[in-house]
Amino acid sequence: MAVRKTQDQYVQELTQENKRIHYMAYALIVLLIAVIVASVLKQFILTSLLLIAAIFYQIFVVRRQQRTYLKKCENTNLELSTLKDFSDTDIEEKGTQLSEQDLDAAGLLPFVPKTASFFKSVHGTKGKLDIRATDCSVAQHQHEKGVAADINTGNWIRIRLPESTGLNVRILEDGLFPEAFRTDFYQKQQLEEAARPDGIPSSMHIYTADQEAKLPSGAFLQKLRSFTDYTPGKVAVSIRDDVLDVYIRNRFLSAGFSVREAVTKQALIRDPYPELQHVLELVPFLIR
């Protein structure tokens, strides 16, 4: 059985990697000084060779090591915070857990076909829930010449529930995508806007098959309202049978790290994406 590292062990390992990167930077400075000295001494062949060596060292050694280090910081941060209570976790730099076809089926937001891109993604389980989240971007429409425009970026969460909700509902906030797209987008899904229950603000819209269709409980809607007040991103929700999809515009999985300073324990355990936990708190209001 594998023994999990402690937070201090993670910090120690990353601190050592940070030191190695600094040593590489010092070596690059020495190499550049040698270039200057050779140039002053008019050793043109030697100057050229040293300059080429410095360029290759910067591109293929220093920068590559920096990228590797920053990815490791980001992924360790996710493991120690966002994913700390999950099982069977997986982190990908280019997400393959979800596809453009899945996004289209979710009916969260309109986009031009073949423009969806997926970036950092995570997968894990919590109890009976299967949870996937991916940073992504889509083009909302095209200019007359066919050039994609108005890129919508954010994070998309998909939770597979252990039982059916009996719902087919879309909920979105104003500002998620242009209002001019809304009617056509939901008509294609054969959905129409439902009357808002008491306490739901006019900035939140609910779409169902018809006015008699089943809606989420009032407790779910109030919890969702609290969540939309909490996150700075604009939110769209899709509930289809046993699948809950949530898209949050301009929110992403990774926190920013720097190679200039050694990472701290506080930075590694700070949750870069607390929205995921808030979305999980919606689940009990959908299932028994």
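Predicted model: local features only at pLDDT ≥ 70, side-chain atom pairs only at ≥ 80, totals over all residues.

Reader: Okay, helices then. At roughly what angle do α1 and α2 cross?

Author: Helix α1 (residues 7–40) and helix α2 (residues 44–80) have axes that cross at roughly 165° and come within 10 Å. The two are therefore roughly antiparallel to each other, since angles over 145 degrees count that way.

Reader: And is the crossing of α1 and α2 left-handed or right-handed?

Author: Left-handed, as α1 passes α2. The residues in that contact of α1 with α2 split into 22 nonpolar, eight polar and three charged.

Reader: What sits in the loop between α1 and α2?

Author: Lys42 is placed there. Its phi is near 60°, a positive value in a residue other than glycine. Lys42 counts as exposed because its relative accessibility is 60%, and the cut-off for that is over 50%.

Reader: Which other residue has a positive phi although it is not a glycine?

Author: Asp88 has one, with a phi of about 50°. Asp88 is in strand β1 (residues 87–92), and at 60% relative accessibility it counts as exposed.

Reader: Switching to pockets. How much space lies in the largest pocket?

Author: About 380 Å³. Its lining has 14 residues, and Asp104, Pro110, Phe111, Phe185 and Lys188 lie nearest the centre. Helices α3 (100–106) and α4 each supply at least two residues of that lining. By class, the lining of the largest pocket divides into seven nonpolar, three polar and four charged residues.

Reader: You mentioned α4. Where is Gln187, and how accessible is it?

Author: Gln187 is found in helix α4 (residues 182–188). With a relative accessible area of 53%, Gln187 is exposed. Between the C-alpha atoms of Gln187 and Ile206, 19 residues apart along the chain, the separation is 13 Å.

Reader: What about the second largest pocket? What volume does it have, and what lines it?

Author: The second largest pocket has a volume of about 150 Å³. Its lining includes Leu80, Ser81, Phe86, Ile269, Tyr273 and Leu280. Helix α7 (residues 275–280) gives the most to this lining, with three residues. By class, the lining of the second largest pocket has six nonpolar, three polar and three charged residues.

Reader: Last one: how many cavities of 30 Å³ or more does the structure hold?

Author: One. About 30 Å³ of space lies in the largest cavity. Among the residues lining the largest cavity are Ile171, Glu173, Met204, Thr228 and Val237. The elements that give two or more residues to that lining are β5 (168–173), α5 (218–230) and β8 (235–240).

Reader: And what classes of residue make up the lining of the largest cavity?

Author: The lining of the largest cavity has seven nonpolar residues, one polar and one charged.

Conventions:
Residues numbered from 1 in each chain as written. Heavy atoms only, no water. Axes fitted to C-alpha atoms, helices over the stretch in contact; angles between N-to-C directions. Helix = DSSP H or I, 4+ residues; strand = E, 2+ residues; numbered from the N terminus. Parallel < 35°, antiparallel > 145°, perpendicular 65-115°, else oblique. Left-handed = near helix turned anticlockwise from the far one by under 90°. Nonpolar A, V, L, I, M, F, W, Y, C, P; charged D, E, K, R; others polar. 1 Å grid on protein atoms, 1.4 Å probe; cavity = no way out; pocket = protein on both sides within 12 Å on 5 of 7 lines; lining within 4 Å. Points joined across faces, edges and corners; volume = space filled by probe spheres on them. Buried < 20%, exposed > 50% of the residue type's maximum accessible area, 1.4 Å probe, protein only.
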